[in-house]
Amino acid sequence: MASGMERGTEVAGGPAACYRELSQFPAITSAALGAAAGGQTFLLYTGESRARLPWCSWPPGLVGVGADSPPLQSAAAQTCPAAGSCVSAATTACGTWVAVASPSAGRHSAPRSTTSMARTGWGGMAGAHGKAGAHGTLPTAASLPPTLRLLSQHSPTGQHRAVLSRCPQQGHELLEVWGSSGRSHSVDLTALGKHGEVYTEGPFACLAWSHSETRLLYVAEKSRPKRCPPRPWDVPGAARPEEEEEEDEESEQFVYHEDWGEALSTRSVPVLCVLDLEGSSLSVLEGIPEHLSPGQALWSPDDRGVVFVGWWHEPFRLGLSACSNRRSGIFHLDLASRRCELLSAERSATCSPRLSPDGQRLLYLEGDLGGPHRQCLRLRMLTWQTRQTVTVLDVVQEPTEAFAGLYTEVLPPRCWAADSRRAVLGTPQRSRTDLLLVDTEAATVTNLTAGSSEGCWELLTLQWDLLVATCSAPHHPPSLVVTVLPPAGQELPLFWVPVEDTPTVPGITWKTLTVRPPCSGQSPAAHDTQVFEALLLSPPDSMAPHPLVVCPHGGPCAVFDARWRPSMAALCRLGFAVLLVNYRGSLGFGQASINSLLSHVGEQDVADTQLAVEQALCSEPLDPHQLALLAGSHGAFIALHLLTSQPKRYQACALRSPVSNLPALLGTSDIPDWRYASLGLPYSFERVPHAEDMATMLMRSPIAHAGRVQTPVLLCVGARDRRVSPMQALELYRVLRARGVPVRLLWYPEGGHVLAGVETEADIFGNCAHWLLRHLGQPWQGKTGQHSP
């Protein structure tokens, strides 16, 4: 087996450099198709969350199309016999072109049989393109410096593109409209002063065109009165003017404003805003009940109203990020009468409305209130004219081979086929994320990607029956692929063509392990026999037996699907095997599995993780004497329990945003309801903790048993974490240090719960890798391995 020194020198620059290298592969998060002038060509736009490598980069903005397209450098093609379509992709000097010869594409868009698409990005820093200028009397943004593009949306015909951007230097937000002849509108939203900052991400954000393509709808923070500058008489001891002495107004300067918790700390009161391009006006919509926070809005079929998701925020707000169990409904606001109508169930958690191309059907997700923060959801459909709703797909208690249920937080922005009958969406199915085609009339599901070598598929857009998606695997960074959706009943096999392929990373193999808990007693409960899975990533066999890094996921209602993860791939490059454990309670295995964890947190999840470890050690070339734990949030909670129950089993442990003291989270977390629900205790807004509650939570907390920990522990926390207070890690750090356990605490002042950002992630990974290498008995020569003094 290679020594720690050998493993360290195999990767130039060390662990952090290895992570930075692997994290630079394209991370495409969104896509849209736009039609160029005359409707004869398509442009494929993509949004990315990471910087691009030099070998696959080109300038942001539009890439030229038509007869002047550059010469081909490479090409690939695929024919779909069932659809009678041919899709080809070619890389050119300035981008990637996609040509589609498809009767379907011609039938549902313009009268043509061949379309072409040019691949381009809309993210990053970019100045204005085309003709500058403003429309009507709206404030122009032509004089502002280059901006950061945050949202982009094509009009229904694909002829126009709306772009929301922000000027970093002045903080102004701009909304521009582009067409084939350049920029037609440019509005400085900040200068108008009608609302606060626009929501560009998270559950509220949207940017929607009206069907007439004359109005734009978006969500922004409600405008608040500006703070008055200090006045001379505000100085202590100074005399106030006589007219001021009689006034007894309450000051608003220090009033507390609730927010929506982790990752939404600047989001408090969202409002719906409409920019009228023809009338040159901006308005904040009225008529929405005051107890609702609106978001995810779109236009009604006749453009006379707005459909939106409304979240109840009374009596107070709970954390919304990664929580699909909050009370919410689908509403319709009539713009003329200001009548607000509830379209969905009265007491449910609904989100993600998607209107069919013919405007007759509205698809949305629905879940139950309370309980696990993420659950198996229903797919519901409303017929617009009759307002009748039906359940297309119900909650799945026990998964079948064909369908395990819906667990996605949102539907793709464009998920309907052109026939307004079928829809495509991505969702976890056990330890995979697959694309499912749903026939809304027959209520049937077809898995379009089952059995593929890639373990994670994500739909970016479906327009004019052209599907754009990404696919990845633990050893394969995301590739951008396209295909044509065949007619109903002929969808399989589906032939994908790479638009932008990425090479596999050598030296990484992976497999899915199935784990079955042992029966407890002669009549075991249903949850005692539920199988779960774990993903095992391994370096080449020539380095066996491998040291093993065990990773239970956070959540706990989440899942490790078989996608590309730079940190896990980097660990393999450093010589570690990695076990990603999907214990019972993970998404993708049925609602019964999720419910089985309630009241068994800190017990069942811990036992499942250890069972997966023991099975892997028995069946795979792993070193049982070199085990480490790497986890975050609830996964760190599991890891700490493993350290206390088996003090000598693991040689090293690195944790992010750890949960260690459950009762302390009642007053510090944005999701106090989960503290009760996880232990099977009821929750209500007015509930205050009892001594019995606190005692139960404390006994399930790792901090209560921290005296048993002997393993060296590295802690990484964000000072701005609203979900798990960084004080949890600080308390644990002090306890371990007082007992002489090697411990180190990394404190990121601007970090939140997920500690996001390439540089932050690289720093965390570098420190974690050094820690594991050092304490597994294989010293690493570097300064960052020293624990806190």
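Strand 18 (residues 328-334) has six of its seven residues buried, so the rest of the structure largely encloses it. Buried here means under 20% relative accessible area with a 1.4 Å probe, protein chains only. Strands are DSSP runs of E with at least two residues, helices are H or I runs of at least four, and both are numbered from the N terminus.

On one side, strand 17 (residues 305-312) runs antiparallel to strand 18, with seven bridges joining them; V306 has L333 of strand 18 as its bridge partner. Strand 19 (residues 340-342) is also antiparallel to strand 18, through three bridges, and H332 pairs up with E341 of strand 19. Two strands pair if DSSP finds at least two bridges between them.

## Helix 2 against helix 6

The axes of helix 2 (residues 14-23) and helix 6 (residues 566-573) come within 9 Å and cross at roughly 130°. The crossing is right-handed.

Helix 2 brings C18, Y19, E21, L22 and S23 to the contact, and helix 6 brings P566, S567, A569, A570 and R573, where contact means heavy atoms within 4.5 Å. Six of the contact residues are nonpolar, two polar and two charged.

## About the model

This is a predicted model: local features need pLDDT of at least 70, side-chain atom pairs count only at pLDDT 80 or more, and totals for chains, interfaces and linings use all residues. Residues are numbered from 1 along each chain as its sequence is written, and side-chain values use heavy atoms, leaving out hydrogens and water.

Technical notes: Axes are lines fitted to C-alpha atoms, for helices over the stretch in contact, and angles run from 0 to 180 degrees between N-to-C directions. A crossing is left-handed if the near helix is turned anticlockwise from the far one by less than a right angle, and right-handed if clockwise. Ala, Val, Leu, Ile, Met, Phe, Trp, Tyr, Cys and Pro count as nonpolar, Asp, Glu, Lys and Arg as charged, and the others, Gly among them, as polar. Buried means under 20% relative accessible area, exposed over 50%, partly exposed in between (1.4 Å probe, protein chains only).
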